[in-house]
Amino acid sequence: MTGLAIVESRADRASGHVCDRLRERADWTELTDDDLPAADGGGTYYRTDGAELRSFDELHIDLERPADAFDCDPDLLVFASRHSGDTGALLTGHFTGNFGHAEFGGEPDALAEAAPNALNRLLEAFDEYAPERYDVGMECTHHGPSEVGCPSLFAELGSGDEQWDDPAGADAVARAILELRHVDPHRSRQVVGFGGNHYAPRYGRVVRETAWAV
């Protein structure tokens, strides 16, 4: 069985908030994994059609090969996460790894496998579900992990305390994540982008206005 792996970090309250909404939004079966410590994705976990949800104690950026914890043999993994920044209410997605020093998780000069088609679908879903006051965007690759175990991306609720605790924002991210079930991580038309600023507006236009994924 292949499917979508969803990572919840107990160290990130926005992640927990989004995953609470996920557990409400789908018909999950609650299961127990006694082979892994609860801190590392074991203990209580959840499975629904096309997806499996597991919780970890560490922040997402510090996890190494989290895909290995999942029974569903994932072909795509999504990190439900907070976004921090001076950007106001924002739903955002991005890939992970480090083009240089590893200041925030992962290894130096090492990139995780991206999921361009899945990011396109995530941004489409964000546009559909975002509360009126939220912006939607994509970010450059800027932190770990650099070894996930399958194609992956971050789905983030930002950008501060007000949004991390906002039920409507958390629900929008949860609904968008559920849209990634049965989505291929890649498509035939995809490109790599270099340059631009952190929030990559040029590549956001490529995603929204062309048949290409970035």
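1. Basis. The model is predicted, with local features needing pLDDT of at least 70 and side-chain atom pairs counted only at pLDDT 80 or more, while totals for chains, interfaces and linings use all residues. Residues are numbered from 1 along each chain as its sequence is written, and side-chain values use heavy atoms, with hydrogens and water left out.

2. Nonpolar cores. A nonpolar core is a set of buried Ala, Val, Leu, Ile, Met, Phe, Trp, Tyr and Cys residues joined through side-chain atoms within 4.5 Å. Buried means under 20% relative accessible area, exposed over 50%, and partly exposed in between, using a 1.4 Å probe and protein chains only. The largest nonpolar core has 43 residues. Those touching the most other members are Ile 6, Val 18, Leu 22, Trp 28, Phe 126, Leu 153 and Ile 177. A second, separate core has 15 residues, including Ala 5, Leu 77, Ala 112 and Phe 154.

3. Surroundings of Leu 153. Contact means heavy atoms within 4.5 Å. With neighbours within four places in sequence left aside, Leu 153 is in contact with Leu 76, Leu 77, Val 78, Phe 79, His 94, Phe 95, Ala 118, Leu 119, Leu 122 and Leu 180.

4. Cysteines. A disulfide is a covalent bond between the sulfur atoms of two cysteines; here it is counted as a pair of cysteine sulfur atoms within 2.5 Å. The whole structure has zero disulfides. For Cys 19, the nearest cysteine sulfur is that of Cys 72, 14 Å away. Cys 19 is buried, because its relative accessibility is 0%. The sulfur of Cys 72 has its closest cysteine sulfur in Cys 150, at 8.1 Å, which is too far for a bond. Cys 72 is also buried, with a relative accessible area of 3%.

5. Helix 2 against helix 4. Helices (H or I, at least four residues) and strands (E, at least two) are DSSP runs, numbered from the N terminus. Axes are lines fitted to C-alpha atoms, for helices over the stretch in contact, and angles run from 0 to 180 degrees between N-to-C directions. The axes of helix 2 (residues 116-129) and helix 4 (residues 167-178) come within 9 Å and cross at roughly 140 degrees. The two helices are therefore oblique to each other; angles under 35 degrees count as roughly parallel, over 145 as roughly antiparallel, 65 to 115 as roughly perpendicular and the rest as oblique. Helix 2 contributes Leu 122, Ala 125, Phe 126 and Tyr 129 to the contact, and helix 4 contributes Ala 172, Val 173, Arg 175, Ala 176 and Ile 177.

6. Helix 1 against helix 4. Helix 1 (residues 13-25) packs on helix 4 at about 60 degrees, with the axes 8 Å apart. That angle makes helix 1 oblique to helix 4. Residues in the contact include His 17, Val 18 and Leu 22 of helix 1 and Ala 170, Val 173 and Ile 177 of helix 4.

7. Backbone points to check. Most residues other than glycine have a negative phi, and most peptide bonds are trans. A cis peptide bond joins Gly 144 and Pro 145, with omega about 5 degrees; Pro 145 lies in the loop between strand 9 (135-138) and strand 10 (152-159). Another cis peptide bond joins Gly 158 and Ser 159, with omega about 20 degrees, and Ser 159 is in strand 10. Asp 109 has a positive phi, near 55 degrees, and is exposed at 61% relative accessible area. Ala 200 has a positive phi near 45 degrees, but is buried at 6% relative accessibility.
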